[in-house]
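The sequence and structure are shown first.

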Amino acid sequence: MAGGSGVHGARGGDGDGGEKPPPQRRVLVFPLPFQGHIDPMMHLAGVLHARGGLAITVLHTRFNALDPALHPEFRFVPVPDGVPADVAAEGKIIDVILAMNAAVHDALASALAEEDGGAACLVIDANLLAVQRVAREIGLPTVVLRTGSAACLRCFLAYPMLHEKGYLPSQESQLYMPVPELPPLRVRDLFQTKISSHEMLCEVIARINETVRNSSGVVINTFEALEPAELEKLRGELDLPFLLAAGPLHKLSSKKTTGSSLLHQDKGCIDWLDTQPVGSVLYVSFGSLAAMDSGEFLEVAWGLVNSGHPFLWVVRPKLVQDCDSVALPEGFEDAIKGRGMVIQWAPQQEVLAHRAVGGFWTHSGWNSTLESVGEGVPMICRPNAVDQMMNARYVENVWGVGFELDGELERGKIQNAVTRLMDEREGAEMRERAEVLRRKVAECLESSGSSQIAVDKFVSYILSL
């Protein structure tokens, strides 16, 4: 790995004696085309471009394609993804991953060959094993960006052990059994899916592990003070040149998510938040993919009404299963006048940073969790699948900045949960602990902070290639 002088040189300077600067190094990035994976990859690209002076080429698929006009500083190269129309319409993440990996080889080989002349390396999502294999054929180093937590990657690496010891496939009678090899997780907290078979999930995780182990290094969207034990164990378990905790990437990057959002962000909610008292609003959003049945939707709606608290609720298309558009219940809008707002999609980072927001009811995706931690906002967690259960477990049992709303959704239980978070002493204590974590985020972002150092190391590595 190159020394510190390479990093500082990358940040700027005119050189000595009028010499021409060295040719700009280029980095290729290839995100998995889902919102929770696109955002951190584009933030990392923004950091490398701004801090390292690196040119960026974004390889992207037709499926969930970004608009290059919103990122004029980057070059975009389309890559045919081979995702069948019916699979794309369903949008099931595991099916899309498997289809992409099966079809991408020839088209990607051509795209990489065209871009490889000035490319130092390729940064890929860990789900793109086929992309890594093509890069290896042409001698292009790959670095993996892990868009989940360090704990999640440890869980992936442990999957063979979890099967050998009988934790997986999970059994109903064992869901609350502790997994002592991965504290504080229980069987129910392990990475799981409700919409694809366990066999397909295992195949995807095996590919992720292969991609990670065959990479030149890993960058994780977390920070040292948040997951110190997990990062230490990962560094012992993975024989890699580097494993860097460079998050929260959205805080390091000056890029806003507007350009990488797959849905239109309603900025009008910020004006509404400006009219609300400090810390009074519960922000409610269940992410870009999670869906609930119509009965659950009604209970959420009336639970929010009955709580008596101001709230901002994201009701996006397909939030209710089998419904492209979602209708609010009769009488709901009259009941929330003056203290509730419903929008289709929010500028979430801006919302969580707003002084009026005092709590977040979340599906516990990693980006949402990290964004909430970064602003010191405590959480009600309603995890649904994949890594959300373990994220919620850490929120409640490790960091103490929220709690899980488990079991059947019922309006009285929802009302009690909102009161617990927003009004009661327990919620105030969570808010105090969340503020401690927010300060730790601020520390890692300082010039000598752990995440800034991680970025410097990554830029130095790229310049040394």
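How many nonpolar, polar and charged residues does the lining of the second largest cavity have? That lining has 5 nonpolar, 2 polar and 1 charged residues, where Ala, Val, Leu, Ile, Met, Phe, Trp, Tyr, Cys and Pro count as nonpolar, Asp, Glu, Lys and Arg as charged, and the others, Gly among them, as polar. The model is predicted: local features need pLDDT of at least 70 and side-chain atom pairs pLDDT 80 or more, whereas totals for chains, interfaces and linings use all residues. Residues are numbered from 1 along each chain as its sequence is written, and side-chain values use heavy atoms, without hydrogens and water.

**Cavities**
- The whole structure contains 2 cavities of 30 Å³ or more (on a 1 Å grid over the protein atoms alone, sets of points where a 1.4 Å probe fits but cannot get out; lining residues have an atom within 4 Å of a point).
- The largest cavity holds about 60 Å³, and its lining comprises 3 nonpolar, 5 polar and 2 charged residues.
- The second largest cavity, of about 30 Å³, is lined by residues including Glu 227, Trp 366 and Trp 399.

**His 309**
- His 309 counts as buried because its relative accessibility is 12% (buried means under 20% relative accessible area, with a 1.4 Å probe and protein chains only).
- The side chains of His 309 and Asp 423 form a polar contact at 2.9 Å (a pair of N or O atoms within 3.5 Å, one able to donate a hydrogen and the other to accept it).

Note on methods
Buried < 20%, exposed > 50% of the residue type's maximum accessible area, 1.4 Å probe, protein only. 1 Å grid on protein atoms, 1.4 Å probe; cavity = no way out; pocket = protein on both sides within 12 Å on 5 of 7 lines; lining within 4 Å. Points joined across faces, edges and corners; volume = space filled by probe spheres on them.
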